Structure formats: C-alpha cells, structure tokens
Amino acid sequence: MEKNFDLFIMSLSSRLDKPLPGKKAQFKMAPYERIIKAAIKKFTLPFGGKASKPKPSAVMILFYQKENEIYFSLILRNAYKGVHSAQVSFPGGKKEESDKTLRETALRETEEEIGIKKELITIIGELTQVYIPPSGFLVQPYIGFIKGTPSFSTDQNEVNTLIETP
C-alpha cells in the first residue's frame, strides 16, 4: 500500500504544479448571492462606505494511510455562538499575529485542532483561495501528507468529532 500512497502523493504534487481552475470553478459552483457578495468585497460599496477587509485564514487537507487506503480528515466543529458553529470543515482557522505566513497558520491550526505535529506534515501544494462571505474569511487551502497512520488528539474546546474519510 505504501507504493500506492507514494504514487498518489507524487501524482497529486505533479498536478498541483500545473494551473488550477481556481476562481472560475469556484464561481461556477457558487450560489448567486456569494458571487455578488464576493464582488462587493472587492470594491467600494455602491451605497457608500467601504467593504470590510477579508480576514486571512488557512486550512489543511491532510492525506495519510490507514487500513491500506488513502484517507483525509475533517472535523465537526463544536456548537458555539458564531457563524461556523457545528459545521464540518478541514482543520484550520484565522491567521494569528504570531504566524508569519498562511502556511504557518495551516500547520499551527492542524496541530492545535487534531494534534498532528507540524514537523510531521509535508505540504505539497495549495489550492486557490476562497472567500467565505458569512464570516469574511479569505481561506488558503493547503494540501499536505504524513507517512503512516496518525495518532489524533482533538482539541475538545474546538472539535466535537474527528471525521476520517477514505
């Protein structure tokens, strides 16, 4: 199975070196309201005032081997007063002042939320940023992997459930 995993990572890494469909694909799939809100965020509001600046954030799409299959992990966020309460997501969050880059944000948040040490993660690429209108986050998705089956340790304050997806 390790050969299949290595081949998958090599193939994915190679594909990430080529142009991605990015914004064009995002807008094709986005609800009309999201397209309008994204356009408004780029410009001064037509009825006066300025749009708020998007909040930089990052997530990690983390691949690993388990039971002779290739998996990635998602989380079910805890319920709280907030826009992303009880949502399924990739591990990640808002860029902190201590994060020099969004890459560091993705690694830090992954370690905080699901307990995977950043030193064990190899990032092979990134996807096109996506704007999330309800919260104002501009999310940078990173794709990474770790060798073997991880030992997860979820942050009970942020994560309700870890979802392992083949």
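View 1. At 25% relative accessibility, Phe90 counts as partly exposed (buried is under 20% relative accessible area, exposed over 50%, partly exposed in between, with a 1.4 Å probe and protein chains only). Phe72 is partly exposed too, at 21%. This is a predicted model, where local features need pLDDT of at least 70, side-chain atom pairs count only at pLDDT 80 or more, and totals for chains, interfaces and linings use all residues. Residues are numbered from 1 along each chain as its sequence is written, and side-chain values use heavy atoms, leaving out hydrogens and water. Phe72 and Phe90 form a tilted aromatic pair, 6.1 Å centre to centre with 40° between the planes. Rings of Phe, Tyr and Trp (its six-membered ring) pair if their centres lie within 6.5 Å; planes under 30 degrees apart are stacked, over 60 edge-to-face, the rest tilted.

**View 2. Phe5 and Phe145, an edge-to-face pair.** By the pairing rule, the count comes to 6 aromatic pairs. In one of them, the ring centres of Phe5 and Phe145 are 6.0 Å apart and the planes stand at 70°, so the pair is edge-to-face. Both Phe5 and Phe145 are buried.

**View 3. Lysines over rings.** Lys55 lies over the face of Phe137, 4.8 Å from the ring centre. The charged end of Lys66 sits over the ring of Tyr71, 5.5 Å from its centre. A charge sits over a ring if NZ of Lys or CZ of Arg is within 6 Å of the ring centre and within 35 degrees of the ring normal.
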